[in-house]
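Reader: I would like to learn how to read pockets, sheets and helix faces from coordinates. Can we work through one example?

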Amino acid sequence: MSRSVVLDYDGTVTESDLLDRVAKEFGDPAVYQEVEDGLDEGRMPLREVITREFRPVTASLDEVVSWVLEHARPRAGFARFVQEARATGWDVHIVSSGFHELIEPVLEREGVEVAVHANRVDPRPDGWRVDWRYPDDCDECGESCKRSLLPAGEVVYVGDGYSDRCAALAADRVFATAGLARYLAGRGVPFEPFSDFHDLSRALAGSRVTPGS
């Protein structure tokens, strides 16, 4: 049976949520706050939130990528974790609600080759258009979410935020930080704290998850 580690990207692979920071840095802070409040209050689905956050962004893709490369800081041990996980029989996937165009340059800089499932963006000068690549209407949460993208077999999920909730509930083992940790704790769902990839490497060393346990 296959074993997979599924990593969220923004705020999980990276120390901070670059997608949020780009929306605030290059978009409209008032729009950002309005839709984030809508998400927090359960009035807006994540797809609408991200689409509306990036509509006011008019900077070129090159400009934004340069900013991302300047500010993106992967959590400690990321590149080595990917290597060691593969060497011990784990497949590693990044599943993100962000954009390939902002993720792949960072992975290339870090020398990490890993399967990425994310959305795409059309960076038009009159406002960025999000090309959403997630299946619609999850049977569990009703949103376009990551759950249906989890690979078959044993799954360890690592995440930090709203977009990780439904997928984390379907995983065999969960490592969580920030908002995801608070969400799972509030529901009484077991998880293990996540701070960096050195800790994650030690936790997974020699482990084998039993589905449904």
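**Pockets, a cavity and a sheet**

Author: We start with the pocket lining. The residues that line the largest pocket divide into nine nonpolar, six polar and 11 charged. Keep in mind that this is a predicted model.

Reader: What is the volume of the largest pocket, and which residues lie nearest its centre?

Author: The general idea comes first. Rolling a probe the size of a water molecule over the atoms shows where empty space is left. Here the largest pocket has a volume of about 550 Å³. Its lining counts 26 residues, and D17, D20, L39, G161 and Y162 lie nearest the centre.

Reader: Which elements give two or more residues to that lining?

Author: For the largest pocket they are α2, α3, α4, β2 and α9 (178-187). Helix α9 gives the most, with five residues.

Reader: How much space lies in the second largest pocket, and what lines it?

Author: About 240 Å³. The second largest pocket is lined by 17 residues, and C141, E143, Y162, R165 and C166 are the closest to its centre. Helices α8 (165-170) and α9 each supply at least two lining residues. Here α8 gives the most, with three. By class, the lining of this second pocket has eight nonpolar, three polar and six charged residues.

Reader: Which residues line the largest cavity?

Author: Y9, D10, L18, L19, V22, V68, G98, F99, L102 and I103. By class, that lining has eight nonpolar, one polar and one charged residues. At least two lining residues come from each of α1 (9-13), α2, β2 and α7 (100-110). The largest share, three residues, comes from α2.

Reader: Next, the sheet. What is the order of its strands?

Author: Read the order from the pairings. This is an open sheet of seven strands, ordered β4-β3-β2-β1-β5-β6-β7, with mixed pairing. β4 and β7 (192-193) stand at the edges with a single partner strand each, so one side of each is left without a neighbour in the sheet.

Reader: Which strands pair with β1, and in what sense?

Author: β1 pairs with strand β5 (residues 154-159) in the parallel sense over five bridges. In that pairing, R3 stands opposite E154, and L7 has V158 as its bridge partner. β1 and β2 also run parallel, joined by four bridges. There V5 stands opposite V92.

Reader: Which way do the side chains of β1 point?

Author: In a regular strand the side chains alternate between the two faces of the sheet. In β1, R3, V5 and L7 point one way, while S4 and V6 point the other way. Five of the five residues of β1 (residues 3-7) are buried.

Reader: Last, a helix. Which residues of α4 are buried?

Author: In helix α4 (residues 46-54) they are L46, V49, I50, E53 and F54. These residues cover an arc of only 115° around the axis, which puts them on the same side of α4.

Reader: What covers the buried residues of α4?

Author: The cover includes α2 (18-26), α3 (29-40), β2 (91-99) and β4 (129-131).

Note on methods. Residues are numbered from 1 along each chain as its sequence is written. This is a predicted model: local features need pLDDT of at least 70, side-chain atom pairs count only at pLDDT 80 or more; totals for chains, interfaces and linings use all residues. Side-chain values use heavy atoms; hydrogens and water are left out. Buried means under 20% relative accessible area, exposed over 50%, partly exposed in between (1.4 Å probe, protein chains only). The arc is that of the directions from the helix axis to the C-beta atoms. Contact means heavy atoms within 4.5 Å. On a 1 Å grid over the protein atoms alone, a cavity is a set of points where a 1.4 Å probe fits but cannot get out, and a pocket is an open set with protein on both sides within 12 Å along at least five of seven lines; lining residues have an atom within 4 Å of a point. Ala, Val, Leu, Ile, Met, Phe, Trp, Tyr, Cys and Pro count as nonpolar, Asp, Glu, Lys and Arg as charged, and the others, Gly among them, as polar. Two strands pair if DSSP finds at least two bridges between them. Grid points are joined across faces, edges and corners, and a volume is the space filled by probe spheres set on the points.
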